[in-house]
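Visitor: Hi, could you walk me through this one? I'd like to know how to read the terms as we go.

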Amino acid sequence: MGRNCNCLPELGDHIFCKRKGGLYYHHGIYVGDNMVIHLAGKAKKLQPPNSCQECKNKGVTNGEMAKICLDCFLRGENFFVYEYGVSYFKHKTREMGTCSFFAARPPHEVVGTAAHFLERDGFGGYDLFANNCEDFAVYCKTGLSGSHQVMGRIKRLGLLFPFGLVVAIPTALGYSIAKFITDIRRSHSPS
Ligand SMILES: [Zn+2]
């Protein structure tokens with residue numbers, strides 16, 4: 001697990017925190033000035049905007065994309081920093097969805113990409129098996145997509161229920177193919 005402290009994230013950090021007591025993690029990009037850009041998801045469209053003063057002054061909502069303050073993002077939880085460029089061995093020993101082999105791009109590029117998605121075209125529909133909040137953050141950091149959180153869940157499902165593998169393998173395969181297609185599509189769009 002990445003850094004966990006009371007200090008502020010650094011510009012362009014991919015941060016994540018617990019949701020629903022650790023049932024899953026929510027991810028976003030720290031863009032400075034105490035603000036986070038994240039893929040909020042469909043459910044958020046129906047909710048009223050955050051009533052906090054900071055979000056009122058500096059917040060932006062565009063479809064499923066939103067810029068909110070760090071406190072509203074964390075909802076009382078601590079943040080962790082997703083690590084990039086970790087070794088194969090370290091990656092294998094860590095919980096999936098907390099680090100990546102791939103090197104991170106420079107902070108200004110990460111923030112620029114997140115802002116681009118917020119201001120222009122969004123990140124497609126929020127979907128656990130397609131574009132999720134982790135995908136968005138990983139994509140901003142690396143220019144690559146692929147959610148380890150979802151793949152980790154499929155792996156755990158397979159361990160818990162041997163028969164689950166029958167479902168998990170085609171699902172993972174379908175997921176990879178869908179990813180491949182969206183990667184190709186995205187590589188043609190400006191970032
Ligand atoms: Zn706020």
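Guide: Happy to! Let's start with a term: buried means under 20% relative accessible area, exposed means over 50%, and partly exposed is in between, using a 1.4 Å probe and protein chains only. This is a predicted model, where local features need pLDDT of at least 70, side-chain atom pairs count only at pLDDT 80 or more, and totals for chains, interfaces and linings use all residues. Residues are numbered from 1 along each chain as its sequence is written, and side-chain values use heavy atoms, with hydrogens and water left out.

Visitor: Thanks. Is Tyr82 buried or exposed?

Guide: Tyr82 is buried, because its relative accessible area is 3%.

Visitor: And which aromatic pairing does Tyr82 make with Phe16?

Guide: Rings of Phe, Tyr and Trp (its six-membered ring) pair if their centres lie within 6.5 Å; planes under 30 degrees apart are stacked, over 60 edge-to-face, and the rest tilted. That rule gives eight aromatic pairs. In one of them, the centres of Phe16 and Tyr82 are 5.9 Å apart with planes at 80°, so the pair is edge-to-face. Phe16 sits in strand β1 (residues 14-19) and Tyr82 in the loop between β6 (80-81) and α4 (88-93), so the pair ties together parts 66 residues apart in sequence. Helices (H or I, at least four residues) and strands (E, at least two) are DSSP runs, numbered from the N terminus.

Visitor: Which residues form the aromatic cluster?

Guide: Phe16, Tyr25, Phe80, Tyr82 and Tyr84 form one cluster. Phe16 itself is buried, at 0% relative accessible area.

Visitor: Switching topic: what coordinates the zinc ion?

Guide: The SG atoms of Cys52, Cys55, Cys69 and Cys72 do, at 2.1 to 2.4 Å. Donors are N, O and S atoms within 2.8 Å of the metal (3.2 Å for Na, K and Ca); water is not among the atoms, so sites may look incomplete. Along the chain, the donors follow the spacing C-x2-C-x13-C-x2-C. Cys52, in the loop between α1 (42-46) and α2 (53-58), and Cys69, in strand β5 (residues 65-69), are 17 residues apart, and this pair links distant parts of the chain.

Visitor: Are those two cysteines buried or exposed?

Guide: Cys69 is buried, with a relative accessible area of 2%, whereas Cys52 counts as partly exposed at 23%.

Visitor: Last one: what about His14, buried or exposed?

Guide: His14, found in strand β1, counts as buried at 0% relative accessibility. Leaving aside neighbours within four places in sequence, His14 has contacts (heavy atoms within 4.5 Å) that include Phe80, Tyr82 and Tyr84.
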